[in-house]
Every structure is written in C-alpha cells, then in structure tokens.
Amino acid sequence: MQSNPLGVDAQPVRFGWQLQSELQGDRQTAYHLIVASSKANIDRNIGNMWDSREVQSSQSQLVRYGGKPLKPGAQYYWKVMAWDAQGKPSGWSSAATFDLAPAISDLNVRWIGAIKKADSHLPDGRAYNPPYKKYGYDTLFAKVDTLAKRSILLRKAFTVEKKAVRRAMAYISGLGHYELSVNGKRVGASAFAPLWSDYDKTIYYNTYDVGALLAPDRNAVGVMLGNGFYNCSEVQRYSKFLRSFGPPTLFFRMEVEYADGATLVVASDNSWRYAPSPITFNSIYGGEDYDANLEQAGWDTPEFDDSRWQRAVVQESPQGKLRPQQAPPVKVMQRYGIRRIMAPQKGIFVLDMGQNLSGYPTIKVKGKKGQTVRIYPVESLTPDSLVSQQRTGSPCYFEYTLCGSGVEEWTPRFSYYGYRYLQVENVHMRQPEKEDGKPLLLDVTSNFVYSSVDAAGEFECSNDIFNQAHRLISNAVKSNMQAVFTDCPHREKLGWLEAVHLNAPGLLSCYNLSQFFPKTMQDIADGQHPNGLVPNIAPEYTTFSDYNGNFSDSPEWGATAVILPWMYYHYYGDSTLIARYFGVMHRYVDYLSSRAAEHIVLHGLGDWYDYGDFAAGFSRNTPVALSATAHYYCVALLTAEAAAMLRMEAYEKKYRTLAENIRWAFNSKFFDADSKQYGTGSQASNAMPLFMGIVEPQHRQAVLENLVKDVQAHGNRLTTGYVGSRYLYQALARNGCNDVMYAMHNHCDVPGYGFQLKLGLTTLAEQWDPRKGYSQNHFMMGQIEEWFFCSLAGITPDDRRPGFSHFHVAPAPVAGLTYVKASHASPYGDVKVRWTSNGDVFTLNLTVPVNATASVNLPDSEGAAILVNGEPLAKTLAAERVDSATLLVGSGEYTFCYSEK
C-alpha cells in the first residue's frame, strides 16, 4: 500500500493496483504481472524475476510474489496489465519500483557517538517518576556527564570515484532523533526520525536514495543527533519521567553502487568526527535551546576542516532489534501564521496562532550578538491573557541566542509541544519601539507536526455543529498522530492504547493507516509482559504504581492487542496482523483468565472519565468489573475467530468455550431479569453488552429500550466516558436509534461537542467541560466519527469480504439533516456517498470503484418507486435487487431516487 517503497521487509512481497474504467459494472477478469531486476528489462516488458503470465483472477490487492528468490537490499521493477469484464486487456501500467531491506548481517552495524554509556553516569534503564526532588532523582541525574545528553554533530568525508553511479542507498538510525545531510543538503523532510519505540526491543532505521546528492570526488555526510525518548535525562525543565537507554548514538551505512558493479561503503566507525552542536539543550518534553554563535558554517560539506573535532567513540549497541521503518514519517504537515498579537503587560507579547496543534515555532529575528528570544508555548490563557503551563507540563520553552548577522531564522528540531498561543518577553514585535537593547521579532510561524499518512476520508453535512465537531476531532487526531497515537501532545505524549481501538473505525475512515497500525501492533508486542499482560501504554516508557496498578493494567486498554488486528483486516483485507500477532492475542486472553474469578475480571480503570456531577476519573456510573469482563468476553471471542481463520482447531475450541463461559458468567453477575438492566442500569452498563452480543436475544429489545430511556431521562445527554461512549453510540446507531444520537449531539451544552465549539476550541478537549480538564488536545472522545462515516453516510466494510472488495452503503437519514456527503479512499479507489432529503424525495449519489461491488440499503424505500440513474429499478441492469431494501451494484456512478412518502 505504498508507492515505490524503500526498505521493504515483508515476505512475501505483495502487490496491488487500482483500475480505471468508464464502463459501469466493470471489473477485472485477469491480470499479468511482471517483476524485473533492471529498468532495461522492465522497459522491454521482460519479467526476469517473475512473469505471472495471464492469471484468470479478479484479485487486484495483496497479490503475492511468486517468482525467483529476491536479494535483500536490491531494487526491483514491476508493472501489471489487467483484463476487463469484456476480456479486453488494458496495456501495461507504468513501471514502479520497490527496494528490499538489506539483511541485518549485511549492514555490519556499529553505533558511534561522543561518549560510551558506561562512562556517562546515566542511571539504569528503568523509569524514574516525579517528584524528582523528593526521591533524590534530581541529584542522581545531576551526576550525568553533560556530553551524554548534549546534541552533537557527526561528520565523515569520503571520495566518490569519477565514474557513473547507478545507485546510492543510505541506511541510518540516530537515537533519539537525527537530521541527515549530504554535501550540505538535508536528506528527507522527516521530523523526529526515526519513529520512537521501545529501544530495548525494536529500533527503527530509515532508508534514503541519496544518489542525486553525491558528486564526483570529495563528499561529506553530516548528522545532528538529539535525545528524544531515547534519552529523557534532563531535570532542569518539565519531563513526564526520567529514563535513558543511553547517550545519543548513530548507526549509518551508505552503499554506493557504480554502473560497472563496483561498490563504495561509508559506515559509522571511529574514523568519524564529532563536535557539540549549537543546540545546547533538548528535551522531548522540556523544549530546546539554540545558540547561533556556536554554528560552524559548512560543517556538513566536504571542504570543512574538522581537524579540531574529536574522534567518534564506538558505543555499546542498543538492545533492540534493528528494523526498517515502514510507517510514514512525522513531518511538518501544515503551517499557521500569527492571527492576533496581544500585549497583556508591558514587555510581554502573546501571539494567537489561531490553531491548537502539536509542533514548534519558526522565528525570524534581528538583533545583536548574544541577545536571546524565549518562547513559551501554551494551549490556553489565564483570565489576564497570560500563558500558563500549569496543566500541560511546566516549564517548557524554546530559546534562541542571536549571533547578530542580520535577519536570523530558527526552528527547533528535537522537541515539540501542544499549543495555540506563544508568549515572548523582552522583544520588540515587528516594529522597534526604541533602541533599548531588545531584539526585534519580525515574524513567527507555527509548524503543525504529525504523521504524514495519506488522508483517506472526508465528511460534510447540513449540520454545522457536526461539521465543526469533525474538524475539532480531526485536528486533535493529527496532533496526537506521532510515532504512536498519543493521549496529548504536551503533558504525557504517551501511547495510551484504549483510544486506538475505540476510535479505530473513524480513524480508518479518515486516514490510510495501512503502514501505521502494523507499527502499533509491534509496539504492543514489544510491550507485552512475560505473563501476557498488555500494558495500558505502548511503548511502555514508564509505569504507574499508584491506583493498584490499574494505570498499567486495564482490560479496556489491553484489548487493543486483539481488537485492532481485526479492524485492520476489515478495512484492508489483510490478515497479516492476525497471523503475526496471534501469540500476543492468546497470551493476553490467558493473562486475563489468570486474573479472573469465576470468569469475572475485577480490575481496571473501567469507563474512565464518565460524565456526571462528580470529578472525572475512575468509572463512577458503571461497575469496573462489568466493563472489564465485557472486554474479556470480546477478546476471547475474537481470539477464537482468529484461531478459526488460522485453522488452529484446539485454540479455537478453547477460546470459543471460554467466551461462552464468560458470557454466561457476565449475564449471571450483571443482568437483572426483572428490570432488564445490566449493572447499575447506566448507559455504559447496557450499551456494552448490547454492542458485544452478550445480551440474550429475547432481552435485547428491552435492554435497548432501557438504554434509550436513560438517555432521554438525562435530557438526551450522555453519561458515558472514554470507553463507554463508542458502545453507546454504536448500540444506538446499529439498532436504528439515530434520532437519539442526533438529539444527543445537536446542541451546545455540556456534555457535547457543541459546548467546546462555543468556547472557541480548535481541538477536542480531555473533558466535556474543557474548563475542568488538564488538556485541550485529546482525541479520546472522538468516537462520533464512526457515526458520521458508518451511519450517517453509511459506508462500512463487509466483514465477510473485507478490504472493500465488497462493502455496504446504508445511509441513515435523520430529521434535521438535509444532506450528508462523505468519501473514503479504499484499497480499490474512492468510495463516494452523497444523499439529500427534502422531506419529499430522497436522492443518493454513489461512486463504487472499479473491481469492487456494494450492497446498497435504501432507507424507508420499501414499496417506493425507485429510479436508478433515471430508469425504473425494474428496467435497469445497473442494480440487482437482493431483498426488499437492498440492491447489489458494481463499479460506477449511481443516482438512486425515490419518494419518501
């Protein structure tokens, strides 16, 4: 699902393509795929590695390579042709490439830096949690050698022979993060590369084609290193925890292949040179300082004299397994200029950048040598319009020291924060007031930094609250879509897992996560404990010992390990994660079994942050055991289904029996046969068993009615938390109660998205009332996205034919909405839905990509005279009636129209 990917390590390699056709109902009937080892061969349509010949098949995604053995580290070319429904061939596609990851043994990995870990005085690798002074950790980390946490520059000059270069590939991992340049030119546009991980288990490296940057004769490679999560050892400013895997370290290997077959290798070793960089402080949590007076012009060019630099030290190798990074890099994806300048006090300027985001500023400044500009990022202001980081981690700031060379521009590299506002002090803003020794700040830009995954969905409707809520959630998702899905971009920056599976249908509708979620599952596998526990956060950089360990072990969080591979399978048709991580799945279920008492799990956070007239936190409305056991049932059943898919009969029998036992125990423990209520009768208490299929068929309607009554009794308002909200929304939506969903969210009161919009927020907050919460940039409560795409627009994958080769379109019009428009970029192409309703006529416009089919459920259409593309349904060949309300259609564009009366 990547174009021309580098560093492919999947075996076997798989191919996919999208088709275009103006013929309605068109589909692929055969394909011919070739793979070649050279451009010359592929240009002549010679598949010297694999020639599939004509294959009679409709498969156009996840086609497995079936040719000669592929060489690790090599580049290959491929193209494909397809035959349409009438048996006509398409002609060859344009050629594409893929580069295999080299074998780790071929990389001859050596790590270099400025100081060995053994000499650094860095404490052992466990996490040290605040308060640091109370436990003496500040003293412990004060003993660390300053070189062990300092950003450094590394360089290596080398000579390229004056002959044709066919290919030059660079493989690099700089920990915590790096910036690479060749001959003074930056390589790539990544921020915070490589993606962070549990460095004791997995370390990612990046692959670049740098051939265009090389010159005949002298060349140079330059690398700047920063700390990231690899080395959280700074105590002077805010840090969620202290933990170091070691001092900054670099692995680098460049292989230059000449046209005549000769090769040149440039690799990290002690022949490299290093010097401290101008970055004098860098912390992933606490900010970054830069002294422009320490710059060394041309340091990464071949002409630079590095004789005064120190020889690099060959360091201890990190423990983790080196893997090629497949997930998209984090980049600067959007930029925002200053919207408003405020001066709440003399000498203080507060800049409203207009958008709350994850990122860092770029400044343009003019002044004298040695003057400094300090910038404090915050997401909200105090009543007197000053900044406060009290709730988001303090202090964090970015500081630049001028060199006095005219207009200077600076952007931090190795730290980010969640902010909308920037406070600067002791500067003139844009226009100098007088000559008083203060620098002149000419301009500031906010850099919105998040994963460069492709957008995959759009949503719009006639309700402005819903449209703005969609944007609110989207910006919160982006802010927290880093190397992992974080909870917030400032205070914690940790990969809390519950938000992933509870929001996954909305996330998968909006973004291409085909390469992102496999990394999530690797993080989970790396974090799984020997006893099978899947911790609440992954990577598990720190643990929380308070609250009886529930912050480290809650079934609603750990369940992601089992639920996510299935959601991935449904949206992409790829069962790889189920097969690869089946061991993780069943070991986690076994762990929960070891904690259960008569099939009831009693521990966890429950429906965290549920809503009521009490302080948010542990579940208050719904029993923790109910929520924990419901998820225990869910993961046991899904593990049984996984075993069935993998044809593991003994495992299937074991976990299917376990699931039935849990279901029986759950109903015995929590269901009141007289009141037809579960647990406390709260919304989450009834919604979870309804959604998960735990409720006995004869009681489903009564439980659903009780759920609706509770929503209505609260004035059409929810009482659920982070966990329960998805189940509430979907229990209502999937049982035809979309009018209740509409009423529950179409307002500007608490709890509701409209209230946050009324307060002027630009990202979703941690609590329904943002004034009470810590963060204004959490996406946990964004589960309504699933309702927007899967219910209002009605676009859902078919679980039996996953990956959108076949899908369902079942829009759910509700009173108050006159139109809904949505699209989803499926593996086969764009699915587009737009419906309108004026009370008299319902019209649905649908686009089905080539080689896919769709089941279309037209709401309230029974007995109606349906027109399909202007023709009566009975006379058209474009659609086939499946039942009284469902039509089957092939690829193409359709307009369905009928009277609603």
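**Buried strand positions and aromatic pairs in the predicted model**

The structure is a predicted model, in which local features need pLDDT of at least 70 and side-chain atom pairs count only at pLDDT 80 or more, while totals for chains, interfaces and linings use all residues. Residues are numbered from 1 along each chain as its sequence is written, and side-chain values use heavy atoms, with hydrogens and water left out.

G418 belongs to strand β31, residues 417-425; strands are DSSP runs of E of at least two residues and helices are runs of H or I of at least four, both numbered from the N terminus. Its C-alpha lies 7.3 Å from that of P377, although 41 residues separate G418 and P377 in sequence. Beyond its neighbours within four places in sequence, G418 is in contact (heavy atoms within 4.5 Å) with N356, L357, S358, V378, E379, P489 and H490.

T886 is placed in strand β46, residues 886-889, and is likewise buried, at a relative accessible area of 13%. The side chains of T886 and N857 are joined by a polar contact of 3.5 Å. Such a contact is a pair of N or O atoms within 3.5 Å; within protein, one must be able to donate a hydrogen and the other to accept it, and residues adjacent in sequence count only if both atoms are side-chain atoms. With neighbours within four places in sequence set aside, the contacts of T886 are S855, V856, N857, E880 and R881.

Rings of Phe, Tyr and Trp (its six-membered ring) are paired if their centres lie within 6.5 Å; planes under 30 degrees apart are stacked, over 60 edge-to-face and the rest tilted. The count by this rule is 67 aromatic pairs. The pair of W111 and F251 is tilted because the ring centres are 6.0 Å apart and the planes stand at 50°. This pair links distant parts of the chain, with W111 in the loop between α2 (104-107) and β7 (112-113) and F251 in strand β17 (residues 249-258), 140 residues apart. W111 is buried at 4% relative accessibility, and F251 is buried at 0%.

Y238 and Y285 form an edge-to-face pair, with 5.8 Å from centre to centre and 90° between the planes. Y238 lies in the loop between β15 (231-232) and β16 (243-244) and Y285 in the loop between β20 (279-283) and β21 (287-291), so the pair ties together parts 47 residues apart in sequence. Both residues, Y238 and Y285, are buried.

Technical notes: Buried < 20%, exposed > 50% of the residue type's maximum accessible area, 1.4 Å probe, protein only.
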